[in-house]
Amino acid sequence: MSKSNFERMLQLADEVFAVKNDPNQLDVNQEVLERLMQLHPTTVSEYDDGKGPVAWILLIPTTLDLMNQFLANKISEKQLFEHTPLDAKYEALYLCSALVLEEYRRKGIAKQLTLQAIENIRKDHPLKALFVWGFSKEGDLGAEALSRHTSLPLYKLPK
């Protein structure tokens, strides 16, 4: 029996990020999802083709100070999330992850999900910057396109 879209998405997340082998990465579970929703309701978005999710995005709005600490390798991704205060005015947005099942790639799904989320977050927060920890060439190109579309500068964690 073939795997469901949800099972395939979980497998893709594990293959791309291997979070279970890296304690510095954010391991997304129900508790993390609930806190993300407290930061802003559009931090987690998915596209469902009617048979389950085919794309997920995860964003973390935060402060410029925490963004700079992360980019300087002074705090980990997990610490960035843990130290981000609730009920603050966020000026930076961490493009944490975007996952799309292979047969749905290059259709603009992740880009549209992310642009909509950024637009919604901007209604409540004075975003001044995007930042990313690139895991793939596609991810880097996607982050650069988002920067162009939103007119927000993009900062990258040095490799």
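This is a predicted model: local features need pLDDT of at least 70, side-chain atom pairs count only at pLDDT 80 or more; totals for chains, interfaces and linings use all residues.
A nonpolar core is a set of buried Ala, Val, Leu, Ile, Met, Phe, Trp, Tyr and Cys residues joined through side-chain atoms within 4.5 Å.

**First stop: the largest core.** Select L59, L93, L95 and L130. These residues have the most contacts inside the largest nonpolar core, which has 27 residues. Next, colour the elements that give two or more residues to this core: α1 (5–17), β2 (53–62), β3 (92–100), α5 (109–124), β4 (129–132) and α6 (137–150). Which element supplies the largest share of this core? It is α5, with 7 residues.

**Second stop: L93.** Select L93 and display its surroundings. Apart from neighbours within four places in sequence, L93 is in contact with L59, I60, P61, I118, I121, L127, A129, L130 and F131.

Now select L71, I75, L80 and F131. They are included in a second, separate core of 20 residues.

Move to the loop between β1 (44–48) and β2, where D49 is found. Is D49 buried or partly exposed? Its relative accessible area is 25%, and D49 is therefore partly exposed. Display N5, V54 and Y104 as well: D49 touches these residues, when those up to four places away in sequence are not counted. N5 and D49 are 44 residues apart along the chain, yet their C-alpha atoms are separated by 9.3 Å. Finally, select K51. Its backbone nitrogen lies 2.8 Å from a polar atom of the D49 side chain.

Definitions and conventions. Residues are numbered from 1 along each chain as its sequence is written. Side-chain values use heavy atoms; hydrogens and water are left out. Buried means under 20% relative accessible area, exposed over 50%, partly exposed in between (1.4 Å probe, protein chains only). Helices (H or I, at least four residues) and strands (E, at least two) are DSSP runs, numbered from the N terminus. Contact means heavy atoms within 4.5 Å. A polar contact is a pair of N or O atoms within 3.5 Å; within protein, one must be able to donate a hydrogen and the other to accept it, and residues adjacent in sequence count only if both atoms are side-chain atoms.
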